[in-house]
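These are my notes from going through the model with the sequence beside it. I put each question down before I looked up the answer.

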Amino acid sequence: MSAAAAFRPGRVALACAVLASGALVSAEEPKAGDRFSATTEVSSILVPVTVRDGHGRIVATLEKEQFHLFVDGIEFPIRSFWREGGLPISYAFLLDTSGSMGVRRLGRAREAIMEFVRQLRPDDEVCLITFGAGEVRRRVAFGADPALLPRVLESLKGYGTTALYDVLTASDQVMEGAHNLRRVALLFTDGVDTASTMKPADALRILENLADPLYPLGIEPPPAEEGPPDSYEDLLRQFATASGGRYLRVDDAAHLPRFAHDLRQELTMRYIITFDPSGLGSVRWRKLEVRVKGGYTVLARQGYRGTLP
């Protein structure tokens, strides 16, 4: 299994215990740095913000004075603010390798990931995590040479069931080992879930601890009427919105590389706001809102767990 680390989901209680302890079930001991491990340490809160005008176009030239930060309905001053621009970014690619993806969807997902790789800047870094057949596995860790990705991607085969909800319970751990301040998780899946043991509501609560934006790309997802009302796209949208990312529906897998190209451009045109929790008072889920003067549409994470600023 070389540098791959595996996590086999179980019942809800077991999954939560694994998240709390960072434990893994693996056929062999993974190399240092390959383990998923949870952390409860609270430091600076980073809030990437995407702003669009009334026509849906990204606006990347606004000034700090136009932004307002609210936590639990209380406005706090913005002390740290900058545009992302040329800042390096850490990409975590989460790839569905279950049987429902098939050869064609999986092939297009490979092309989309390579589209991101072709646009990498010198200090950008990548991580590849796959899920399917009952396990989540880290294939390429942060800090590894991105040139490894093509070979690893070509070796992947689609088989087994999909545990989409279960892989999302480990979302707060996928950035383990990332070195850059800018981070994003990109999830490639057809949105089908056939084997999860965790209910959608349970998984959504775990996402309260997700610190980085999640962008699910739904590859030719099935119509809503073919699954329960809390499955597929609605759930993926909830995951994305909670983290400050957004869901992208890809009706034709052949267009996936173009979606990847456009998303890569979008990720260079955001703003970054950071603040430090005061450490005073109770540690709990705090509602976070960013408003921008001028009637713009704002996309940012919806909250964090900690104290007030």
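**Entry 1: the open sheet.** In what order do the 4 strands of the open sheet lie, and is their pairing parallel or antiparallel? Working in what is a predicted model, I read the order as β5-β12-β2-β14, and the pairing is antiparallel. I then noted that β5 (80–83) and β14 (297–299) are the edge strands, and because each has a single partner strand, one side of each is left without a neighbour in the sheet. Ignoring direction, I find that neighbouring strands here are turned against each other by 25 degrees on average.

**Entry 2: Arg 264.** I next turned to helix α7 (residues 256–266), where Arg 264 is found. Is this arginine buried or exposed? Its relative accessibility is 4%, and since buried means under 20%, Arg 264 counts as buried. When I left aside the neighbours within four places in sequence, the residues in contact with Arg 264 were Tyr 91, Phe 116, Gln 119, Arg 121 and Asp 124.

**Entry 3: positive phi.** With a relative accessible area of 27%, Asp 72 is partly exposed.

Glu 220 also has a positive phi, near 50 degrees, and I placed this residue in the loop between β10 (214–219) and α6 (233–243). Glu 220 counts as buried, at 16% relative accessibility.

**Entry 4: confidence.** Which elements of the chain have the lowest and the highest mean pLDDT? The lowest mean, 27, belongs to helix α1 (residues 12–21), and the highest, 97, to β3. Over residues 1–42 the pLDDT is below 50, although this stretch has 73 contacts in the model beyond near neighbours in sequence. For the chain as a whole I noted an average pLDDT of 80, with 80% of the residues scoring at least 70.

Note on methods: Residues are numbered from 1 along each chain as its sequence is written. This is a predicted model: local features need pLDDT of at least 70, side-chain atom pairs count only at pLDDT 80 or more; totals for chains, interfaces and linings use all residues. Side-chain values use heavy atoms; hydrogens and water are left out. Two strands pair if DSSP finds at least two bridges between them. Helices (H or I, at least four residues) and strands (E, at least two) are DSSP runs, numbered from the N terminus. Axes are lines fitted to C-alpha atoms, for helices over the stretch in contact, and angles run from 0 to 180 degrees between N-to-C directions. Buried means under 20% relative accessible area, exposed over 50%, partly exposed in between (1.4 Å probe, protein chains only). Contact means heavy atoms within 4.5 Å. pLDDT is the predictor's confidence in each residue, from 0 to 100.
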